[in-house]
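Here's a friendly walk through one protein model, for anyone meeting it for the first time. Have a look at the sequence and the fold, then read on.

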Amino acid sequence: MNLQQCHWLNEPASWRCQEDELHVTTDNKTDFWRDTWYGFQRHSGHVFGGYVDDDVHIKEGFTFQLCIEGRFEQLYDQAGIMLLVDEHQWLKAGIEHSDGQSTIGSVLTNPCSDWAMGVFSGNPDKFWLRLTYQEETIRLQYSTDGVMWPLLRLSPFAIDNSNKQRVFVGAMCCSPEREGLQVKFSDFRLTSSLKKHLHDLS
C-alpha cells in the first residue's frame with residue numbers, strides 16, 4: 001500500500017508521513033462504536049488507508065497488515081487496524097487500554113458493536129496486525145515479533161459485491177477519554193489473500 005495514495009477518514013489535526021511511516025496524534029474524545037451497552041453512536045476515530053475496490057480482490061480475497069507502535073496509558077486508548085464498508089458495517093482491532101492494562105481485541109459492528117478482548121502477552125508498545133478477507137469471512141491475526149501470527153478472531157462478514165460496495169482498510173487510532181495519544185504505523189502491506197491454512201502461524 002502506497003501511503004502517498006492513502007487518505008483519511010476523520011483527519012486528525014496533527015499527523016505526518018515520513019517515508020513509509022505514519023505518525024499520528026489523536027484528537028479529543030475520538031471513537032468508533034454503535035449502540036451496544038452504552039446506547040450511543042460514535043464515528044469520529046481516525047483511519048488512514050485506501051479502498052479495496054477491485055472486484056477480483058473482493059471476490060477472491062485480500063490480506064492487509066501493518067505494524068503499530070504507541071504508548072497506551074489512559075482508558076480506552078487504542079490503535080490498530082480497521083475494515084469499513086459504512087457506518088453500520090465495520091471491524092476494528094488492536095491494543096486498547098482497559099481495566100488498568102493493555103488488552104488486545106476487536107469490535108465487529110453489523111449493525112451493533114460487539115467487543116471481544118483478552119490480556120496482551122507481549123510488548124504493547126510495538127505489535128503487528130493482519131486482516132485477511134476471504135469467502136465472506138474475516139480472519140484476524142496479531143504478532144508480537146512480525147514472525148508468528150496467532151489467531152485473534154474468525155468471523156463471518158458478508159460484503160455485497162453486487163451493489164459495488166467499496167471496502168476501506170487502514171490504520172486506526174482513537175482516544176475516547178482524552179486527546180494526544182501518539183502512534184506510529186509502518187510496514188503497510190495490501191496483497192491478494194494469503195490463503196493459508198487456518199492454523200498456519202507464519
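Let's start with the open space. Strand E4 (32-34) and strand E9 each give at least two residues to the lining of the largest pocket. Strands here are DSSP runs of E with at least two residues, numbered from the N terminus, while helices would be H or I runs of at least four residues. The volume of the largest pocket is about 240 Å³. Of its 15 lining residues, the ones closest to the centre are Asp31, Tyr38, Phe40, Tyr76 and Pro176.

A word on where this comes from: the model is predicted, so local features need pLDDT of at least 70 and side-chain atom pairs count only at pLDDT 80 or more, while totals for chains, interfaces and linings use all residues. Residues are numbered from 1 along each chain as its sequence is written, and side-chain values use heavy atoms, with hydrogens and water left out.

Searching the whole structure turns up 1 cavity of 30 Å³ or more, and the largest cavity holds about 90 Å³ of space. It has 16 lining residues, and closest to its centre are Ala93, Gly94, Glu96, Gly105 and Ser106. Strands E8, E9, E10 (101-109) and E11 (116-119) are the elements that give two or more residues to this lining. How do the two kinds of space differ by definition? On a 1 Å grid over the protein atoms alone, a cavity is a set of points where a 1.4 Å probe fits but cannot get out, whereas a pocket is an open set with protein on both sides within 12 Å along at least five of seven lines; lining residues have an atom within 4 Å of a point. Grid points are joined across faces, edges and corners, and a volume is the space filled by probe spheres set on the points.

Next, strand pairing, which takes at least two DSSP bridges between two strands. Strand E16 (residues 182-192) runs antiparallel to strand E3 (residues 21-25), with 4 bridges joining them. In that pairing, Val24 stands opposite Val183. Strand E7 (residues 62-70) is also antiparallel to E16, and here there are 8 bridges. Across from Phe62 you'll find Ser192 of E16.

Now for charged pairs. The structure has 8 salt bridges, each a side-chain nitrogen of Lys or Arg within 4 Å of a carboxyl oxygen of Asp or Glu. Three of them go in this table.

| Pair | N to O distance |
|---|---|
| Glu69 and Lys184 | 3.4 Å |
| Arg71 and Glu73 | 3.6 Å |
| Arg178 and Asp77 | 2.6 Å |

Are Arg178 and Asp77 buried or exposed? Both are buried, meaning under 20% relative accessible area, with exposed being over 50% and partly exposed in between (1.4 Å probe, protein chains only). Compare Arg71, which counts as exposed because its relative accessibility is 51%, and Glu73, which is partly exposed at 49%.

Back to Glu69 and Lys184, which meet in a salt bridge. Glu69 lies in strand E7 and Lys184 in strand E16, so the pair ties together parts that are 115 residues apart in sequence. Glu69 counts as partly exposed at 23% relative accessibility, and Lys184 likewise counts as partly exposed at 21%. Through salt bridges that share partners, Glu21, Glu69 and Lys184 form one network.

Gln89 belongs to strand E9 (residues 89-98) and is buried, with a relative accessible area of 9%. Its side chain reaches the backbone oxygen of Ala158 at 2.7 Å. Beyond neighbours within four places in sequence, Gln89 is in contact (heavy atoms within 4.5 Å) with Leu84, Thr109, Asn110, Phe157, Ala158 and Gln165.

Thr30 is in the loop between E3 and E4, buried with a relative accessible area of 4%. A polar atom of the Thr30 side chain lies 3.4 Å from the backbone oxygen of Asp27. Neighbours within four places aside, the contacts of Thr30 are Ser44, Gly45, His46, Cys174, Ser175 and Pro176.

Methods. Polar contact = N/O pair within 3.5 Å; in protein donor to acceptor, adjacent residues only side chain to side chain.
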